[in-house]
Every structure is written in structure tokens, then in C-alpha cells.
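Here's a quick briefing on one protein chain, written for someone just starting out.

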Amino acid sequence: MAVRIRTRAELVSTLDNVVYRMKSAGERFDQGKLLEAKALAVQIRALLHDTEKSHALINELGLQRDLTWVDTAGVVDPRSTSAAACLTLMKIRSGRGSHAAYVPKLELYPPAPIRTRDGGRIDRGSRIPFDHWWTNPVVKDCDGLMFSRRQLVLAMARHGSEDDDVQTVAAYDSLIASQSLGWVVSSENDWESTSLESNPVMASVRQISYEVLQSIKEQRDVIDAVIAA
């Protein structure tokens, strides 16, 4: 059966729908519905991740070489022995019933410089090439395991299918087993028992969605020009 090729107008409409769905899921996440992180991951995966069966929407639109991506995290410091969740902040409530939870930075990220892949420094919120943005390590757990945006998104989207590569499958399994990151992917009956306060992954995926939407917003003129060409 032949695969139907979508028209440029259909692809643009799909992009607008993805942006709308990500904004809506992000708003629900910010209202406390943290499981919307899964919906965000599914949309990010459709937008950015190629598989053997389908192309990422950005690639179908011919934009893969034209766009750069907002980085609010930087790269995990390889010299540090501490755990790190570079896409998030820690929200601490003191007093009676005190607790700490990971939250996305959104636009409230500190203005300090961040580390690049080659060891240099750039302003937080600068845009970087897609391959660096997608594969840079941004989370490091207490066991020294490191995870990229790609691994976090695909694991949260429960993308444990046969077209995953070995690295993604290993990250998927590590996220399930990691006590220092919490139970990120589980059966549907186990979602309600997820320990959210000790888990930076959902907040990280929310921050990744912010970076994606901000990247599209800042480069909408580039997107429109490529589409119109």
C-alpha cells in the first residue's frame, strides 16, 4: 500500500495543531496535572523524532537544517560527581508539611552562562544546533547515569517499540529502574502511585516543551519563508 504524501498546506496545519496541543497540555501541567508530561512527550516525538515508519514533522517540512533550538539547560558538568537535573528548579516549601519538588524553569531560568558540548559557554536561552540540543546530557542521576532530551522524551512517550535503537532502549530500562529518578514509565495502573516529588523527569519534559515552543516562536519567520519557497 502506497504511503500518501501530505501537501505542504496539510503539514503546516499539522504543525499549528502540534503547537496548539503542546500549549494546551503545558497549561494543564502548570495547573498541577503532571501526567500531561506524557502528552507533551508524544507531541515532541511526532515533531522531532524520525523512525523507520515515519518522518518527524520538522523533517517533512524541510526545516531540519534551518532551525536552531533554545537551550535553557546547558550540558551536565562531566567533572561533577553530584546528580543534576539541568532543565528544572527545586521548589522547597518549609514549615509544617515541608517538601521539595522539581519544577520546570519555563521562562524564569537564571541568566548565568551555561556549558556547551565543546566546553565553551553561552548565555542561557541561546539557540544551538538540533543534534547538540537533542542529544546533550541534561540529567544525571545518583548512579552517574546521564540522559539526553531525546532519551527523556522517548521514554516518557513510552516509545519502547522495535524501531528504537540500543541506546534508547537502555535509557528506557534505566529510567524504569532508577530509584534516584523515580518511576517514570510504568503500567497504566501504576501511574497514580508515581512518586512525583522525587522525580525530575516530568518537569524536564515540560521544560523541553517550553524550549520547543520558544524555538518555533523565535523562528516563525524562518519557518514561513522555508515553507513558502
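R149 and E211 form a salt bridge, with their closest N and O atoms 2.8 Å apart; the term means a side-chain nitrogen of Lys or Arg within 4 Å of a carboxyl oxygen of Asp or Glu. This is a predicted model, where local features need pLDDT of at least 70 and side-chain atom pairs count only at pLDDT 80 or more, while totals for chains, interfaces and linings use all residues. Residues are numbered from 1 along each chain as its sequence is written, and side-chain values use heavy atoms, leaving out hydrogens and water.

**Salt bridges**

- R149 sits in helix α5 and E211 in helix α7, 62 residues apart, so this pair ties together distant parts of the chain; helices (H or I, at least four residues) and strands (E, at least two) are DSSP runs, numbered from the N terminus.
- R149 counts as buried because its relative accessibility is 0%, and E211 is buried at 0% too. Buried means under 20% relative accessible area, exposed over 50%, and partly exposed in between (1.4 Å probe, protein chains only).
- The structure holds 10 salt bridges, including one between R206 and D30 (2.8 Å, N to O).
- R206 is in α7 and D30 in α1, 176 residues apart. R206 is buried at 8%, whereas D30 is partly exposed at 43%.
- D16 and R220 also meet in a salt bridge (3.3 Å, N to O). D16 counts as partly exposed because its relative accessibility is 34%.

**Nonpolar core**

- The largest nonpolar core has 43 residues, and L47, L48 and V212 touch the most other members. Such a core is a set of buried Ala, Val, Leu, Ile, Met, Phe, Trp, Tyr and Cys residues joined through side-chain atoms within 4.5 Å.
- Helix α1 gives the largest share of this core, eight residues.
- Leaving aside residues up to four places away in sequence, V212 touches M22, L47, L48, W69 and W133; contact means heavy atoms within 4.5 Å.

**The sheet**

- Three strands make an open sheet in the order β2-β8-β9, with antiparallel pairing. Two strands pair if DSSP finds at least two bridges between them.
- β2 (84–85) and β9 (146–148) are the edge strands, each pairing on one side only.
- Strand β8 (residues 137–140) pairs with β9 over three bridges, and V139 stands opposite F147 in β9.
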